[in-house]
Amino acid sequence: MSWSDARDLLRLWREDNERKSQDVVNLWETILSKNIFKLGDERLLVLEQVCLASLDTNRLDIADKCLQSLAAEFPSSLRVRKLQALKLETLEKYDEALELLDSIIKRDETNAAPRKRRVAILRAKGKHSEAIKELTDYLKKFMSDQEGWQELCDLYLLEQDYARAAFCMEELILHNPHNHLIHQRYADIRYTQGGFENIELARAHYSLAFKLNPSSIRALYGIFLCATNIAVSPKATSPKRKEATKLANWVIKELSKRQERQNVEDSQVAALEGLISSVQLAASA
């Protein structure tokens, strides 16, 4: 591969937001490090890309050289300082990394990246409560950050705070109402919470997830589990029990059709049929 081909490949990965860290490091060592000054102004972007890749692959020798080159050209750059903080994270010098990130935030309070790195460090140290507080403060300023809401949901789930985790997923639904995975995860959380109202809400969102993505087997199983729970719930009215039993039978038929098309063993469907039989007996009792 020529140096221009290697340059074009790295450019393509940057544009597609692909890390491919080991491949980037290999191209740097074999080709681009010897031809760095042929890259012109793109040299700085390549150095940053290689620095990130070398930190991913624990090649600190390469990362140091890239950081030295970037710092020599931009001694007061916040972008370079962020890379230096990432290097400290790699070395597990978390306190020093936090101090460096704090200095970046003081200089530019609108910079989201160092705030998110603070959350990542606190989570890596196992300080989930502090990470939640930091991320909550961050989301007050950057409310449209969907990754931030997803991360906050994960942190609440680690703390088994399902109500707040569900709130985070509701925010994500508002931002992206047509994403079946968001509806599916929200349904998972509500189902885990338990209780008749939560189970009904979970069934509704599993159904919506299946409507948005009819190939989702997980959503089908979620519908079945919710329907069987509703069918035996003492809080359910008789019409709701009948509707839930009918829905559970429909799921079994859907799964049978899919297994016939794919020539898959029907042991799972048979198990569900046995479960629905017991549910029908309980519902009629």
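1. Which residue just after α5 takes a positive phi? In this predicted model, that residue is E92, whose phi is about 65 degrees.

2. Helix α5 itself covers residues 78–90, and its 13 residues reach 18 Å from the first C-alpha to the last, which is close to the 18 Å expected at 1.5 Å a residue. At the start of α5, a side-chain oxygen of S77 comes to within 3.2 Å of the backbone nitrogen of R79.

3. Several residues of α5 are buried, namely L78, V80, L83, A85, L86, L88 and E89. The cover over these buried residues includes the helices α3 (42–56), α4 (60–73), α6 (94–107) and α7 (112–124).

4. The surroundings of E134 can be described residue by residue: leaving aside its neighbours within four places in sequence, E134 is in contact with R115, R118, V119 and L122. With one of these, R118, there is also a polar contact from side chain to side chain, at 3.2 Å.

5. As for annotation, an unreviewed UniProt entry lists residues 81–189 as "domain: EMC2 TPR-like". In the model, the span of residues 81–189 is 81% helix and 0% strand, and its end C-alpha atoms lie 39 Å apart.

Technical notes. Residues are numbered from 1 along each chain as its sequence is written. This is a predicted model: local features need pLDDT of at least 70, side-chain atom pairs count only at pLDDT 80 or more; totals for chains, interfaces and linings use all residues. Side-chain values use heavy atoms; hydrogens and water are left out. Helices (H or I, at least four residues) and strands (E, at least two) are DSSP runs, numbered from the N terminus. The expected span of a helix is 1.5 Å times one less than its number of residues. Buried means under 20% relative accessible area, exposed over 50%, partly exposed in between (1.4 Å probe, protein chains only). Contact means heavy atoms within 4.5 Å. A polar contact is a pair of N or O atoms within 3.5 Å; within protein, one must be able to donate a hydrogen and the other to accept it, and residues adjacent in sequence count only if both atoms are side-chain atoms. UniProt positions are given in the numbering used here, feature names are shortened, and annotations may be inferred rather than shown by experiment.
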